[in-house]
Amino acid sequence: MTELPTRILGDGVSVPVLGFGTYPLRGDDGVRAIASALEVGYRLIDSAVNYRNEREVAEAIRASGVDRGDVFVQTKVPGRDHRSAKHSITTSLQVMGLEYLDSVLIHWPNPSQESYVRAWEGLVEAKEAGLVRSIGVSNFTPRYLDEIITATGVTPASNQIEMHPAFPQVEQRAADAERGIVTQAWSPIGRGAAFDAEPVIAAARAHDVTPAQIVLRWHLHLGSLPLPKSADPERQRGNLEVLGFDLSETEVDAITALGRPDGRLFGADPDVHEEM
């Protein structure tokens with residue numbers, strides 16, 4: 001089993017440097033896949049109300065035999081619950097049968113609703129009530145980050161955004177870092193679109209590893225926290241084995257240079273895309 005090092009978030013909470021994404025793992029197969037991830041060494045499990053698999057995550061933790069206190073459980077408040085975020089968190093706890101969550105994020109800002117500040121206030125209240133250890137956001141641009149920080153005086157510990165070689169989020173990562181926010185990466189491998197790109201192939205050959213491992217190691221060098229998803233135990237294991245080699249600055253820069261303005265997987269611009 002691979003043991004991952006940890007890093008400290010801005011709020012002082014310790015988190016593994018790499019996590020496990022669970023969308024769209026559901027049902028018995030989902031429980032088995034998530035339990036397998038825990039058994040091979042993942043300790044950060046990322047879920048969301050809208051993934052409809054919070055119950056499966058909790059069942060997988062129990063099935064894996066891993067102590068609850070050793071697992072960093074993260075979920076997300078959906079757009080429909082922005083005005084009742086604390087209640088949404090309470091419901092997630094009931095669904096999962098847990099006493100607390102390690103991290104809760106606002107899933108999308110949904111700017112047309114104009115309620116992301118209200119949602120953030122709800123997360124702050126939930127943390128003060130001991131329902132969650134760490135709070136953050138997902139898909140928030142600098143504008144939305146500054147609005148919620150100004151309104152509450154509380155800075156998100158994490159910002160989970162789409163990030164992969166085709167969309168390296170250089171400006172957003174810099175904005176997160178300036179505010180002391182750790183960038184988490186959803187779809188960190190970008191569905192494998194960069195696996196046949198020359199910088200990735202060359203680095204994989206040089207280090208005798210897979211293209212997926214190169215991309216995940218690239219994330220770690222950039223300071224992002226990737227959340228790869230796989231139901232296959234061998235791929236789960238391989239995705240964890242990214243600490244035994246280092247990329248050069250030249251290799252990191254070459255992979256970052258693969259980025260392009262239209263590199264999003266499905267046009268999920270936080271100023272436009274909304275999820276309820």
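**View 1. Helix 2 and the elements that cover its buried residues.** Helix 1 (27-40), strand 4 (44-46), strand 5 (72-77) and helix 3 (85-96) are among the elements that cover the buried residues of helix 2, where contact means heavy atoms within 4.5 Å. Welcome to a predicted model, in which local features need pLDDT of at least 70, side-chain atom pairs count only at pLDDT 80 or more, and totals for chains, interfaces and linings use all residues. Residues are numbered from 1 along each chain as its sequence is written, and side-chain values use heavy atoms, with hydrogens and water left out. Helices (H or I, at least four residues) and strands (E, at least two) are DSSP runs, numbered from the N terminus. In helix 2 (residues 54-64), the buried set is Glu54, Glu56, Val57, Ala58, Ala60, Ile61 and Ser64; buried means under 20% relative accessible area, exposed over 50%, and partly exposed in between (1.4 Å probe, protein chains only).

**View 2. Strand 6 between its pairing partners, strand 5 and strand 7.** Strand 6 pairs in the parallel sense with strand 5 over 4 bridges and with strand 7 (residues 132-138), again parallel, over 5 bridges; strands pair if DSSP finds at least two bridges between them. Look for Lys76 opposite Leu105 of strand 6, and for Ser103 opposite Ser134 of strand 7. From strand 6 the chain passes through helix 4 to strand 7 in a right-handed β-α-β crossover. Strand 5, helix 3 and strand 6 also form a right-handed β-α-β unit. Right-handed means that, with the strands pointing away from the viewer, the path from the first strand over the helix to the second runs clockwise. Because 6 of the 6 residues of strand 6 are buried, the strand is largely enclosed by the rest of the structure.

**View 3. His107, in the loop between strand 6 (101-106) and helix 4 (116-128).** His107 is buried, with a relative accessible area of 7%. Leaving aside neighbours within four places in sequence, His107 is in contact with Ala48, Asn50, Tyr51, Lys76, Val77, Pro78, Ser138, Asn139 and Glu275.

**View 4. Asp176 in helix 6 (residues 170-178).** Asp176 is buried but has no salt bridge, and the nearest side chain of opposite charge, Arg179, is 6.3 Å away. A salt bridge here needs a side-chain nitrogen of Lys or Arg within 4 Å of a carboxyl oxygen of Asp or Glu; Lys and Arg count as positive and Asp and Glu as negative, while His and the chain ends are not counted. Not counting residues up to four places away in sequence, Asp176 touches Leu145, Asn159, Ile181 and Thr183.
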